[in-house]
Amino acid sequence: MKNLMDLIARILISLVFLISGLRKIIYFDSTVDWMEGFGVPGFLLTPVIILEIIAPLMIIFGYKIKIAAVVLSIFCFATAIIFLNDFPNQIISFSKNLALAGGLIFLAINESGSLSIDKKFKK
């Protein structure tokens, strides 16, 4: 049961990033405009999309989870500071990003269950 719960947790935390990455593809031009409104160069959108799709898939499938989780955690901190710093209006969104970062750090610290690529290769 623990291994199944581990997999479900990895899927749930990853869905946020997958959905966000796919939305950025669909709304590419408006996302570039939005980012540039914060002083962030629009050319960074493509690497962000790649990150938001590849890293969550790595977490879901249990491949190099520690690396993917740490990178996404840093991404959560950075996006909270850059885009969600209009207090008190965005305090909930800011806090959710910090909570995601905390969950990802927890994921990086702990080993994944047996339902992961990493565990299959360790045997």
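What span should the 19 residues of helix H4 have at 1.5 Å a residue, and how far apart are its end C-alpha atoms?

## The length of helix H4

In this predicted model, helix H4 covers residues 65-83, and at 1.5 Å a residue its 19 residues should span 27 Å.

Along H4, the buried residues are Ile65, Ala68, Ala69, Leu72, Ser73, Phe75, Cys76, Thr79, Ala80 and Phe83. When the helix is viewed down its axis, these buried residues fall within an arc of 165°, so they line one face of H4. The face turned away from this buried side carries Ile67, Ile74 and Ile81, and these residues are exposed.

The buried residues of H4 pack against several other helices, namely H1 (2-26), H2 (28-36), H3 (45-61), H5 (91-109) and H6 (117-122).

Helix H3 has 17 residues, and the distance from its first C-alpha to its last is 24 Å, close to the 24 Å expected at 1.5 Å a residue. Its buried residues are Leu45, Val48, Ile49, Leu51, Glu52, Ala55, Pro56, Met58, Ile59 and Ile60, a list that includes the charged residue type Glu, here counted as negative. The buried residues of H3 pack against H1, H2, H4 and H5.

After H3 comes glycine 62, and the phi angle of this glycine is positive, near 75°.

## The chain as a whole

The secondary structure of the protein chain comes to 6 helices and 0 strands, and reading along the sequence gives the pattern α-α-α-α-α-α. Along its principal axes, the C-alpha trace spans about 50 × 30 × 20 Å. Of the 123 residues in the chain, 37% count as buried.

## Surface and charge

The protein chain exposes about 7500 Å², and carbon and sulfur atoms supply 73% of this area.

Terms used. Residues are numbered from 1 along each chain as its sequence is written. This is a predicted model: local features need pLDDT of at least 70, side-chain atom pairs count only at pLDDT 80 or more; totals for chains, interfaces and linings use all residues. Side-chain values use heavy atoms; hydrogens and water are left out. Helices (H or I, at least four residues) and strands (E, at least two) are DSSP runs, numbered from the N terminus. The expected span of a helix is 1.5 Å times one less than its number of residues. Buried means under 20% relative accessible area, exposed over 50%, partly exposed in between (1.4 Å probe, protein chains only). The arc is that of the directions from the helix axis to the C-beta atoms. Contact means heavy atoms within 4.5 Å. Accessible areas come from the Shrake-Rupley method with a 1.4 Å probe; for residues, only the protein chains shown count as cover.
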